[in-house]
Protein chains: 2
Amino acid sequence: MSDQADSDRAVGDRAVSGGQEPVWEAIARKRAIRRFAPRPLVPEHLERILQAGRHAGSSKNRQRWTFVVCRDRAHLRELAAVGPFAGHIAGAAVAIALVAPDPGSTTSGRSIQFDLGLAAENMMLAAWELGIGSVPATVYEPELARRLLGYPDDKSCEYLLSFGYPADPDDLTRPPKVGGRRPLDEVVRDERW
Amino acid sequence: MSDQADSDRAVGDRAVSGGQEPVWEAIARKRAIRRFAPRPLVPEHLERILQAGRHAGSSKNRQRWTFVVCRDRAHLRELAAVGPFAGHIAGAAVAIALVAPDPGSTTSGRSIQFDLGLAAENMMLAAWELGIGSVPATVYEPELARRLLGYPDDKSCEYLLSFGYPADPDDLTRPPKVGGRRPLDEVVRDERW
């Protein structure tokens, strides 16, 4: 398989179905957004993002997730300290904390993280369609996150997602960065490793 | 926040932007498909699915994934034995094995699974847009998966994704099952747990 997608050539590629592939376009164009306009999300937009997360599939349909919606600016500034790369939370319109059973407390722990990934991608793609940028933050300070979010001992939060209208609206239409992803030939194998 | 999405009322909801929200529609309508038509995927469709996975964001942009594409029918039948709920692989047009560094071998193991979830959702949504159904399978027999896929000791495969055109094309347009997801009120909290 050839690698055709390192530039917006792939986004502009109309070979498959003749020009209407908005899901693919969202997937190919979405980029991490870390700088947000200060205005809050339109309530319907926030609800849409949450609905998108809720609709994700999950292992045995267990839906082991709680989405804690944080909008208070002082709270967001505190949450920005949960990790070295979480500073974007301070300026987000909304941060959604993904709280789930502590993966260390169950043999199926790793499947929780996979399921949270499915839900997170749904939320970020649905947001993108509404002109809202997003980026995940990893929690490196779990006790701080627990204190700020108040979830019980058997739960954990390893990710928050920042959302907001981009500070620079051009971020929504900028072509994908060349070389931002490994080429297809490098990540795909045929039948066996 | 009210729970508006247990039926296709939500899918048909045009309140937000006036009728053109195909990403949301794909998210809300996509369902797990486990019975596939026997025909192979159009090569451009398979490439699109792989490109969608490759475009996913990942922790520090590490892209710690290899997508092993399995199409040989005998191989698919063998792979269907990797877990008690993996039988659908036998009839899939393609199974894509998500191979990544063994999460047990690294302190950042759980972030691998989250990243694989992001990539998997991209692939399944891109597929849906092309009329292709999908469903993940969890590996319960890691040594069998390793033998069948041939990846090295420091890698693991905890998920395969089955893809194919649905045996019943109505699956692509059927309204979402009522009650298939927990109501929004139950999964969302405000500011704190």
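Guide: Two strands are said to pair if DSSP finds at least two bridges between them; strands (E, at least two residues) and helices (H or I, at least four) are DSSP runs, numbered from the N terminus. This is a predicted model, in which local features need pLDDT of at least 70 and side-chain atom pairs count only at pLDDT 80 or more, while totals for chains, interfaces and linings use all residues. Residues are numbered from 1 along each chain as its sequence is written, chains are lettered from A and ligands numbered from 1 in the order in which they are written, and side-chain values use heavy atoms, with hydrogens and water left out.

The contact (heavy atoms within 4.5 Å) draws 82 residues from chain A and 82 residues from chain B. The buried area, meaning the accessible area (1.4 Å probe) that two parts lose on being put together, summed over both, is about 7,600 Å² here, and carbon and sulfur atoms give 57% of that.

Four salt bridges cross the interface, each a side-chain nitrogen of Lys or Arg within 4 Å of a carboxyl oxygen of Asp or Glu. Among them is the one between B:Asp190 and A:Arg71, at 3.2 Å from N to O. Another joins A:Arg48 to B:Glu21, with the closest N and O atoms 3.0 Å apart. That pair runs from helix α3 (residues 43–54) of chain A to the loop between α1 (8–12) and α2 (22–29) of chain B.

On the side of chain B that touches chain A, helix α5 (residues 109–129) supplies the largest share, 14 residues.

Chain B superposes on chain A by a rotation of 180 degrees with 0.0 Å of shift along its axis (RMSD 0.0 Å), fitted by least squares on the C-alpha atoms of residues with pLDDT of at least 70 in both. This is the relation of a two-fold axis. In chain B, the C-alpha nearest the axis belongs to B:Gly117, 2.0 Å from it. Finally, 100% of the interface residues of chain B are also interface residues in chain A, so the copies meet through the same surface.
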